[in-house]
Amino acid sequence: MAFPRPRPARPELPRQRVQTLQCGQGAVRAARFNADGNYCLTCGSDKTLKLWNPHKGTALRTYQGHGYEVLDAAGSFDNSQICSGGADKAVALWDVTTGQVVRKYRGHAGKVNCVQFNEEATVIVSGSIDSTVRCWDCRSRRPDPIQVLDEAKDGISSVKLSAHEILTGSVDGRVRRYDLRTGQLCSDYIGSPITSVCFSKDGQCVLAASLDSTLRLLDKDTGELLGEYTGHRSTTYRLDCVLNELDTHVGCASEDGHVYFWDLVEGSLALSLPVGQGVVQSLAFHPRLPCLLVATQGQVTLWREDTFQPE
């Protein structure tokens, strides 16, 4: 007779603060893990970009080259390059080891809110307050974007990429998904300005945060509303939403100094994490571990699960 399999352990959420990075960059506009989660990038209002090992709390390098606040950054899959976007309307491509700007892409008419690499790090996709998403070829010397997506009626607040899709959130209240294989655009109307979007790990769902203090989970293919999550405060700022590493919980930054997590299926509030005073500027969830980066004011904190033992 076969014994029943043991029930899988309940997924753990990050509850204990294990590191605090005093970034020294003015206000931290974004904190982002790299592809494997070993390092992170912080974007400062003092025009700098910094590379850290957040697990040890060490700063590794500072990148200077933007003319104004840096608003978002992303690392390539092999950690050799960084892309960043800023309030100077420019998208920059950096060499990680030399710290130099390899290329600067100018074409946006307003500040660049969000940047992402494609999987091979051959294309940078940037979204701007000018209502466009632009795709830049990293290997070519041409100054023009290879594609401009201008369907949005207001600023682009968030961009995410999968293997063959571009997902955008816009202040016009729409989540748009461009399928690059079929050349189709799917648009879902939320109604309230979107502050952040992301794919679930299994690629079946889309999570969208908006300025009506609501987080919504949508079926990617049908646009059906699968879940609504409320309890946080989001009325003014561009706040990040995340899914944890197992897709069991959804999380969102809040203007009341907390980070909130809800059970994805039940919709019940699972955790309210008191992070600090003021608005939580940015969130990033580790790709494989119950580990969270949180930016508030001039610092970034790293949170782990209760059972985690720091070395």
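**Entry 1: Cysteines**

I began with Cys40, which counts as buried at 1% relative accessibility. By the definition in use, buried means under 20% relative accessible area, exposed means over 50%, and partly exposed lies in between, with a 1.4 Å probe and protein chains only. I note that this is a predicted model, in which local features need pLDDT of at least 70 and side-chain atom pairs count only at pLDDT 80 or more, whereas totals for chains, interfaces and linings use all residues. Residues are numbered from 1 along each chain as its sequence is written, and side-chain values use heavy atoms, with hydrogens and water left out.

I then looked for disulfides (a pair of cysteine sulfur atoms within 2.5 Å) and found zero in the structure. Cys40 takes part in none, and its nearest cysteine sulfur, that of Cys23, lies 7.5 Å away. Cys135 is likewise in no disulfide; for this residue the nearest cysteine sulfur belongs to Cys138, at 11 Å. I recorded Cys135 as buried, its relative accessible area being 5%.

**Entry 2: Phe117**

I located Phe117 in strand S10, residues 112–117. Strands (E, at least two residues) and helices (H or I, at least four) are DSSP runs, numbered from the N terminus. Phe117 has a relative accessible area of 9% and is therefore buried. Phe117 is 18 residues from Cys135 in sequence, and their C-alpha atoms are 9.5 Å apart in space. I listed its contacts (heavy atoms within 4.5 Å), leaving aside neighbours within four places in sequence; among them are Ala74, Gly75, Gln81, Ile82, Cys83, Cys138 and Leu161.

How many of the six residues of strand S6 are buried? I found five of the six in S6 (residues 70–75), so this strand is largely enclosed by the rest of the structure. S6 runs antiparallel to strand S7 (residues 81–86), and five bridges join them; strands pair if DSSP finds at least two bridges between them. Ala73 stands opposite Ser84 of S7. The two strands form a hairpin with five residues between them, and Asn79 in the turn has a positive phi of about 65 degrees.

**Entry 3: Aromatic pairs**

A pair of aromatic rings is described by the distance of the centres and the angle of the planes. I took rings of Phe, Tyr and Trp (its six-membered ring) as paired if their centres lie within 6.5 Å, with planes under 30 degrees apart stacked, over 60 edge-to-face and the rest tilted. The count by this rule is five aromatic pairs. One of them is formed by Tyr105 and Trp136, which are tilted, at 5.3 Å centre to centre and 35 degrees between the planes. This pair links distant parts of the chain: Tyr105 belongs to strand S9 (residues 101–106) and Trp136 to strand S12 (residues 133–137), 31 residues apart. Tyr105 is buried at a relative accessible area of 1%, and Trp136 is buried at 0%.

Tyr260 is buried at 8% relative accessibility; Trp262 is buried at 1%. Together with Tyr229, these two residues form one aromatic cluster.

I also checked for a charge over a ring, which requires NZ of Lys or CZ of Arg within 6 Å of the ring centre and within 35 degrees of the ring normal. The charged end of Arg304 sits over the ring of Phe308, 4.0 Å from its centre.

**Entry 4: Nonpolar cores**

I next examined nonpolar cores (sets of buried Ala, Val, Leu, Ile, Met, Phe, Trp, Tyr and Cys residues joined through side-chain atoms within 4.5 Å). The largest has 16 residues, of which Val259, Phe261, Leu283, Leu292 and Val294 touch the most other members. Strands S24 (258–263), S25 (269–274), S26 (280–285) and S27 (291–296) each supply at least two residues to this core. Which strand gives the most? S26 does, with three residues. Not counting residues up to four places away in sequence, Val259 touches, among others, Cys252, Leu271, Leu273, Val280, Leu283, Leu292 and Val294. A second, separate core has 14 residues, including Cys205, Leu207, Ala209 and Leu243.

**Entry 5: Ile194**

Last, I looked up Ile194, in strand S18 (residues 194–199). Ile194 counts as buried at 2% relative accessibility. Ile194 and Thr168 are 26 residues apart in sequence and 9.2 Å apart in space, C-alpha to C-alpha. Apart from neighbours within four places in sequence, Ile194 is in contact with residues including Ser157, Gly169, Val171, Arg174, Val175 and Ala209.
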